[in-house]
Structure formats: C-alpha cells, structure tokens
Amino acid sequence: MKMKKYTAETMVEAMKQVRKDLGEEAVILSSSVVKSKGFLGMFRKKSVEVVAGLDRNVTKPAEPPILPQYSPVVKKTDSEIQKEMNEMKKLLQEMKQVASFGSLPEELQPLLASLEQQDLSKEMVLKIGTEIFSLMKSEKKDFTMAEQLQIVKDFMMKQYSDLPFGGISFNKKYVNLLGPTGVGKTTTIAKIAARAVLENRKKIGFITTDTYRIAAIEQLRTYANLLQAPVEVVYNSNDFKAAIDKMKDLDLIFIDTAGRNYMEKKFLDDLNRIIDFSINMESFLVLSVTSKEADMRKIIEMFSSFPIEKFIFTKVDETGSIGQMFNLMKEYKIGTAYFTDGQEVPEDIMEANLEAMLNLLLVGVKHA
C-alpha cells in the first residue's frame with residue numbers, strides 16, 4: 001500500500017490534496033488536529049494532518065474461514081450454536097464500527113463520542129458520522145458544532161419519519177397501559193386521564209386489574225375521586241365484561257393493568273384471560289428509561305403477541321442518557337405516544353413528537 005501524510009488548514013483542503021494525489025480510491029487511515037509552535041509560544045496555528053493510503057496490489061481471494069471445532073463429547077444444541085454465531089457476528093460488527101469511527105475526521109470525534117454517551121446505538125452513530133463527513137466533502141467546508149447538531153437532527157428526522165408519534169387517538173373508547181412493575185403505569189394513566197378531562201372535556205372511568213397491591217388500587221381511587229370518575233376492580237374476565245357494561249355511557253375508559261414480573265409467561269396468560277383485546281381498544285407499552293436496554297428488549301419481546309400501538313417512556317428526568325428510546329423505536333418499528341419527566345399529575349407528561357424527542361436528545365449531547 002502506498003501511504004502519504006498531508007497537512008492543510010482544514011479537512012476539506014486535506015481531502016482535496018488526497019483526491020488529487022491518490023484519486024477517489026484512497027482510504028483515510030488517520031486524521032488529527034495539530035498546532036504549530038508559533039513565536040515564543042504565541043500565535044499558534046491549527047492545522048489538519050491526514051494519513052491516506054492507496055492499495056495498488058491486486059486483491060487476494062479471501063481464504064476460507066476456519067470453522068470452530070466442537071468437541072465430540074459435548075454436543076451443543078442448534079440454539080446454542082446459533083447464539084454463539086450471533087455473538088461472533090455482533091463482535092465483528094463492533095470491531096468494524098470502531099475501525100470506521102477512526103477513519104472519520106478528528107473534528108467529528110467529540111460529537112460522535114457524545115452521541116455514544118447518550119446510549120445511541122453504534123450503528124446509528126456511524127451513520128450520522130458518515131452523513132456529516134459526506135456533506136463536508138460535497139460542500140467543501142468544515143462545520144461548527146451547532147451545524148453538526150443540526151445535521152444530526154435533520155438526518156434522524158428522516159430516519160424515524162415513518163414511525164407514529166402522538167398521544168391517545170380519542171377514536172377508541174378503551175385505553176390500555178401495559179408494562180412491568182415499577183415503571184409508573186398508575187401515575188402515567190392518571191396524567192393522561194386528567195388531560196382528557198381537563199383539556200378535552202371527556203367523561204372517563206377507570207378499570208384496574210392490579211388486585212395484587214392494595215396501595216395501587218387506593219392510589220388509583222385517589223386520582224379517580226379528584227376527577228370525579230368511577231373505578232372498577234376486576235379479578236377475571238366476567239368482572240371485566242361487567243365493568244365495561246357499567247361504563248358503557250362514558251367517553252373513555254382507562255385500563256390500569258397489574259405490574260408483575262412479565263418475564264414469567266403465566267402472568268401474560270393471566271392478562272390475556274382477563275382483558276378482551278378485541279374490543280375498541282388501543283394499548284401502550286410503558287417502559288422506564290432508567291432500565292437496562294437489554295431488559296427493555298426482553299419486556300418488548302414478551303409483549304410482542306399483544307397489539308401494542310406505541311411506547312410510553314417514563315422517568316426521563318431520572319437519567320442522563322435517552323438514546324435507548326431511539327434504539328428501541330428503530331429496532332421494533334414502534335413509535336412513541338408520551339414520555340414523562342416527573343411525578344406531578346397532570347403536568348409531568350409530554351405528548352411525544354419526533355422533534356421534541358430529538359431536541360431532548362441533543363440537549364444531552366450539547367451538555368456532554
């Protein structure tokens with residue numbers, strides 16, 4: 001490989017020299033910002049130093065991969081082998097991404113590092129960095145941090161434009177909140193219901209299947225009394241049908257499901273037996289942003305058989321990184337209805353729209 005070092009005032013100027021000297025097939029091996037010593041330590045001048053290379057050799061055919069040898073004594077199941085293969089693929093992908101980050105200009109590294117600190121996926125960060133670098137080359141200019149952030153926002157607006165955002169539709173009579181214990185379902189449902197009453201003048205009622213925690217029922221009764229709304233506690237499918245019949249004259253009925261450990265399938269089966277999901281209902285899956293992303297994925301997969309309309313993300317105010325919201329939306333192709341940022345009812349809830357969520361993400365990036 002032919003390698004050469006280039007020094008210029010800007011990355012764009014350096015790229016011009018590389019293209020002129022080595023052509024379009026050249027590869028950027030490294031880039032850095034350097035400063036001259038100046039006179040008596042003063043008037044130091046910043047410049048960009050780029051190492052580029054061009055492989056003039058004929059590409060050798062790839063050697064056949066060496067397959068892992070498995071012991072004939074310990075037999076592995078297909079699922080174990082598939083799991084190992086997936087882990088290997090993931091490791092190779094991460095190694096490739098790390099290498100790709102290094103080939104991007106030094107000026108972009110602070111932004112990319114901040115996006116990673118926000119827990120945005122490495123794949124998305126790499127796409128963003130590549131997009132900005134492409135624009136730098138096409139427009140032949142460097143971008144300020146403010147300009148970089150605007151490019152990030154514009155790029156992600158396109159990436160997520162096909163997903164639905166926004167709160168309850170008011171086209172369906174039953175609003176159902178699903179999710180594990182500890183994510184704040186009861187408080188969240190009270191916030192949404194209070195807005196329906198105060199802002200939209202709807203007549204509402206509550207149904208709760210959370211018969212396992214007395215405190216949860218009393219908490220919901222307190223909110224219901226403030227909103228002058230009836231509450232029905234249901235233990236089985238017959239109770240559920242009776243509650244629906246009692247509230248048939250209301251505009252909206254909010255269903256607060258029990259917070260259980262839904263890693264256990266029997267609790268999902270119980271939920272399916274009690275609630276009739278075939279009626280005029282929209283269901284939302286409530287997730288806490290303070291949870292591990294891997295745990296949130298497991299919850300989503302456990303609820304995958306239910307008709308989830310959108311996510312609701314809670315406790316945004318209790319974490320410094322929210323990139324996982326975007327990772328999950330992208331991976332599962334599910335939009336967001338609301339996100340909450342406090343315990344006050346009904347104030348601390350925001351009806352989600354993509355721009356507001358991106359602004360929240362980029363505030364964290366700026367701070368970093």
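1. Ser288 is buried, with a relative accessible area of 3%. That value counts as buried because the cut-off is under 20%. Ser288 sits in strand S8. Its side chain makes a polar contact with the side chain of Thr290, at 2.6 Å. Leaving out residues up to four places away in sequence, Ser288 touches Val183, Met296, Thr314 and Lys315. Keep in mind that this is a predicted model.

2. Now the whole protein. It has 12 helices and 11 strands. Of its 368 residues, 43% are buried. Take the contacts between residues at least 6 apart in sequence: 75% of them join residues at least 24 apart.

3. Next, the sheet. Eight strands form an open sheet with mixed pairing. Read across, the order is S6-S5-S7-S4-S8-S9-S10-S11. Strand S6 (231–233) and strand S11 (349–351) are the edges, and each pairs on one side only. Neighbouring strands are turned by 20° against each other on average, direction ignored. As background, strands of a sheet pair through backbone hydrogen bonds, either parallel or antiparallel.

4. Look at one pair of strands. How do strand S8 and strand S9 run, parallel or antiparallel? Strand S8 (residues 281–288) and strand S9 (residues 308–314) run parallel, and six bridges join them.

5. Is Glu282 buried or exposed? Glu282 is buried, with a relative accessible area of 5%. The threshold for buried is under 20%, so this value qualifies. The side chain of Glu282 reaches the backbone nitrogen of Ser169 at 3.0 Å.

6. Glu282 also links parts of the chain that are apart in sequence. Glu282 and Asn176 are 106 residues apart in sequence, yet 6.2 Å apart in space, C-alpha to C-alpha. Not counting residues up to four places away in sequence, Glu282 touches Ile168, Ser169, Phe170, Lys172, Tyr174, Val175, Asn176 and Glu309.

7. Move along to strand S10 (residues 336–340), which holds Thr336. Thr336 is buried, with a relative accessible area of 0%. Which residues does Thr336 contact, leaving aside neighbours within four places in sequence? They are Pro164, Phe165, Gly166, Lys310, Phe311, Phe313, Met329, Ala352 and Met357.

8. A helix lies across part of the sheet. Helix H8 (residues 237–246) lies across strand S4 (174–178), strand S5 (204–208), S6, strand S7 (252–256) and S8. Against S5, H8 runs at about 170°.

9. Finally, a pair of helices. The axes of helix H10 (residues 293–302) and helix H11 (residues 323–332) come within 11 Å. They cross at roughly 35°. The crossing of H10 past H11 is right-handed.

10. Which residues of H10 and H11 meet? From H10 come Glu293, Met296, Arg297, Ile300 and Glu301. From H11 come Gln324, Asn327, Leu328, Glu331 and Tyr332. By class, this contact has four nonpolar, two polar and four charged residues.

Methods: Residues numbered from 1 in each chain as written. Predicted model: local features only at pLDDT ≥ 70, side-chain atom pairs only at ≥ 80, totals over all residues. Heavy atoms only, no water. Axes fitted to C-alpha atoms, helices over the stretch in contact; angles between N-to-C directions. Helix = DSSP H or I, 4+ residues; strand = E, 2+ residues; numbered from the N terminus. Left-handed = near helix turned anticlockwise from the far one by under 90°. Contact = heavy atoms within 4.5 Å. Nonpolar A, V, L, I, M, F, W, Y, C, P; charged D, E, K, R; others polar. Pairing = 2+ DSSP bridges. Buried < 20%, exposed > 50% of the residue type's maximum accessible area, 1.4 Å probe, protein only. Polar contact = N/O pair within 3.5 Å; in protein donor to acceptor, adjacent residues only side chain to side chain.
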